[in-house]
Amino acid sequence: MYSIFGLSHETTLLVWALVAIVILIVMIAKYKWNPFVVLLMASLFLGLIIGMEPLDVVKSVQSGLGGTLGSIAIVIGLGTMLGKMMAESGGAEQIATTMVNRFGEKNIPWAMLIVGIIVGMPVFFEVGIILLIPILFTVIRKTNISLLRVGIPMLAGLSTVHGLLPPHPAPMIAIDAFGASIGKTIIYALIVGIPTAIVAGPLFGSFIGKRIIVHPPEGLAEQFTTNNKLDRPDKPLPGFGITMLTILMPVILMLAGSIAEIADPQSTHGISVFLRFVGNEIVAMFIATVFAFFSLGFAQGFTKEQVSKFAGDCLAPTASIILIIGGGGAFKQVLIDSGVGDAIAAVATSAHVNVIVFAYLVAALIRVSTGSATVAMTTAAGIVAPVLALTPGANIELVVLATGAGSLILSHVNDAGFWMVKEFFNMTVPQTLKSWTVMETLLSLVAFGLILLLNVVV
């Protein structure tokens with residue numbers, strides 16, 4: 001590794017990681033290079049400059065890209081098909097119309113926050129975006145409200161439950177590691193999460209929506225909001241009930257899988273294994289997509305040739321999104337394999353602080369260095385658990401929430417979610433940093449403040 005002015009090994013790692021991130025941002029934001037190319041370039045640069053073997057750098061890039069896309073690419077592909085069926089059948093139009101009529105145009109951001117929380121409970125963040133983007137784009141087209149004013153509350157709902165609320169898989173990792181009570185964690189998570197989501201969602205969305213004006217990408221917006229039902233007025237829109245059942249089917253299946261995992265994690269046969277199988281994100285999305293072919297396709301009068309054409313045509317606009325997300329995964333993996341994550345953890349563990357503050361800082365530092373909230377929670381749980389065991393009287397459930405809050409902070413260019421939001425919302429890197437990154441940081445800081453306040457009370 002190329003050392004810098006005699007700095008320690010850990011400090012040198014952190015400096016080179018910062019240099020790589022700065023290069024990445026400048027090349028994309030100022031010089032307009034393709035993000036996928038720049039992510040690969042930054043990954044290779046960081047691995048080599050830190051002293052990894054050249055072939056190890058390549059393997060790290062390959063495993064990071066492949067590992068990230070192993071499930072996300074399939075979920076994006078299936079979710080895009082489901083979204084296309086919602087658009088072509090008029091299902092997204094039906095949900096958007098019902099939401100506008102029930103809540104009123106002024107309250108649409110609050111409605112999207114609620115939808116984000118409900119849909120996000122059992123699914124990973126990326127899956128939630130895929131499920132809700134067609135509804136978001138249709139609401140935007142119908143109301144002409146700023147994309148960020150409506151989109152930020154949706155993202156806040158998804159992200160809040162991702163970091164704080166069981167039975168989402170990420171908080172369950174910390175609950176298991178710390179031996180916390182699921183019931184108490186859920187109660188505390190709701191007390192902390194609801195006001196946090198409101199601040200970072202509708203309130204911040206209203207603020208940033210007036211300052212950053214963006215429009216959905218044309219290709220995706222057209223395929224998610226233009227439907228054949230509206231071109232055929234003799235055919236009614238699909239019912240609200242069947243449309244909601246279709247969009248919530250993966251949520252229901254994943255929730256069932258999560259419950260089975262909690263109730264009977266050791267079972268290798270019977271209903272528990274079946275529920276965990278259908279609750280896998282890939283299987284759940286597959287089942288829901290095939291169901292959509294029938295509920296929103298054949299049942300609405302489309303032929304099998306039309307349904308097949310819809311499924312094929314909708315994939316082209318997602319190609320660049322998938323590659324960019326994969327590039328973010330490659331960069332994240334190089335950060336981990338090069339030892340940057342361990343360096344962050346070493347810095348955190350050397351500080352002697354309250355265990356709740358310690359859990360938050362460890363998760364936050366790992367999140368910033370690796371880009372993954374799930375990795376941050378998993379790694380932080382392993383670091384914090386021994387410290388927690390030596391801290392009698394600590395509120396274990398609040399330590400879980402502090403770990404989750406830390407794992408949400410400062411999403412930036414090494415986070416696959418950053419690139420997904422950037423592409424789906426058609427923003428530049430600076431715009432994404434000012435909106436999405438600030439929203440995530442608000443979520444983290446407000447939640448942490450409420451956790452500390454709750455710790456005084458309970």
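Q: What percentage of the 458 residues in the chain do buried residues make up?
A: This is a predicted model. In it, buried residues make up 56% of the chain. Buried here means under 20% relative accessible area.

Q: How many helices and how many strands does the chain have?
A: The count is 22 helices and zero strands.

Q: Which residues have the most contacts inside the largest nonpolar core?
A: Start with the general idea. In soluble globular proteins, nonpolar side chains tend to be buried together. Now this case. The largest nonpolar core has 105 residues. Leu-46, Leu-136, Leu-155 and Phe-425 have the most contacts inside it. Helix H6, residues 125-143, gives the most to this core: 12 residues. Another core lies apart from it, with 38 residues, including Val-161 and Ile-383.

Q: Which residues does Leu-136 touch, leaving out those up to four places away in sequence?
A: Leu-136 touches Met-112, Leu-147, Val-150, Gly-151, Met-154 and Phe-425.

Q: Why is H6 largely enclosed by the rest of the structure?
A: Count its buried residues. They come to 17 of 19, so H6 is largely enclosed.

Q: Where does H6 bend?
A: The bend is at Leu-132, by about 45°. A proline, Pro-134, follows within four residues. From first C-alpha to last, H6 reaches 25 Å, close to the expected 27 Å. Just after H6, Asn-144 takes a positive phi of about 60°.

Q: What share of the contacts with a separation of 6 or more comes from residues 24 or more positions apart?
A: Such residues account for 79% of those contacts.

Q: What is the accessible surface of the chain?
A: About 18000 Å². Carbon and sulfur atoms hold 68% of it.

Terms used. Residues are numbered from 1 along each chain as its sequence is written. This is a predicted model: local features need pLDDT of at least 70, side-chain atom pairs count only at pLDDT 80 or more; totals for chains, interfaces and linings use all residues. Side-chain values use heavy atoms; hydrogens and water are left out. A nonpolar core is a set of buried Ala, Val, Leu, Ile, Met, Phe, Trp, Tyr and Cys residues joined through side-chain atoms within 4.5 Å. Buried means under 20% relative accessible area, exposed over 50%, partly exposed in between (1.4 Å probe, protein chains only). Helices (H or I, at least four residues) and strands (E, at least two) are DSSP runs, numbered from the N terminus. Contact means heavy atoms within 4.5 Å. Accessible areas come from the Shrake-Rupley method with a 1.4 Å probe; for residues, only the protein chains shown count as cover. The expected span of a helix is 1.5 Å times one less than its number of residues. The bend at a residue is the angle between axes fitted to the seven residues ending there and the seven starting there.
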